[in-house]
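Please examine the sheet and the nonpolar cores of the model shown here.

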Amino acid sequence: LMTSESRSNWNDIAERYAQELIIRTDDVHFGVGIPGNRHLGLIVKAPGNSAVDLACGAGENLVALTSLGYSVCGLDSSMAQVERAQSTLQRCGVTGSVVCADMCDITDLEGMTFDLVLCVGAAHFCSSFSAFAASSRRLLASGGTFVLSLPHPMDMLVDLAEIGGRRVVSVRSYYPDGNRVVNAHYWTKFAGRLELVDGLVEYLYRPSDVVNGLIENGFRISGLWEPRY
């Protein structure tokens with residue numbers, strides 16, 4: 001589940017996040033510094049198919065998915081982001097629905113299934129990856145595709161500091177208590193500073209946690225991609 005602490009953190013930074021990060025709507029994105037769908041080819045054109053974007057943010061991927069033929073639904077736990085997504089759809093002349101709900105334990109879309117379930121850079125706000133995977137699996141239609149993008153554990157655990165004119169690299173424990181991480185350094189890629197997310201609570205999941213959690217919930221894994229550096 002998304003803890004009340006994490007939800008509060010995210011609501012506090014949602015507006016600043018939207019101001020700092022400009023995302024295009026002409027290609028499905030998978031996160032900062034990650035090649036888009038035109039390069040990776042993870043999502044194919046599928047006119048008439050349906051898609052849900054979990055933690056849709058300002059809705060840029062919803063617009064991009066419609067260009068691939070999908071009817072779209074967005075979900076986000078921040079009402080501010082839901083309103084931004086609705087504005088994005090309207091501005092781009094795109095039809096779609098957006099709901100405010102907890103993507104870590106989805107009940108608001110009970111009974112609905114989608115040909116594509118997409119979640120970019122958000123599952124690490126869930127305190128239980130297994131619960132998130134189970135919830136996502138219930139949304140997936142038979143034969144459907146689930147695309148999940150997460151920050152790499154090393155990205156979350158490596159800290160950089162300038163000490164005496166030298167850059168010092170330190171690595172936190174790979175097994176933090178309760179998988180809980182506060183002020184993960186990778187957020188500097190968004191705005192160059194950690195103040196943007198001061199106190200933000202996230203949860204670290206090792207690749208093995210993700211793979212096993214997906215298998216245990218009935219997913220068949222067709223690929224796993226990690227950054228080269």
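The report below treats the basis of the model, the sheet and the cores.

## Basis

This is a predicted model, in which local features need pLDDT of at least 70, side-chain atom pairs count only at pLDDT 80 or more, and totals for chains, interfaces and linings use all residues. Residues are numbered from 1 along each chain as its sequence is written, and side-chain values use heavy atoms, with hydrogens and water left out.

## Sheet

S1 and S2 run parallel and are joined by five bridges, with Ala 51 opposite Val 72 in S2. Strand S2 (residues 71–76) also pairs in the parallel sense with S3 (residues 96–100) over five bridges, and Asp 76 stands opposite Cys 100 in S3.

## Cores

A nonpolar core is a set of buried Ala, Val, Leu, Ile, Met, Phe, Trp, Tyr and Cys residues joined through side-chain atoms within 4.5 Å, where buried means under 20% relative accessible area with a 1.4 Å probe, protein chains only. The largest core has 27 residues, and Val 52, Leu 54 and Phe 132 are among those with the most contacts inside it. Helix H5 (a DSSP H or I run of at least four residues) gives the largest share of this core, four residues. Apart from it lies another core of 22 residues, including Ala 51 and Val 72.

Terms used:
Pairing = 2+ DSSP bridges. Helix = DSSP H or I, 4+ residues; strand = E, 2+ residues; numbered from the N terminus. Buried < 20%, exposed > 50% of the residue type's maximum accessible area, 1.4 Å probe, protein only.
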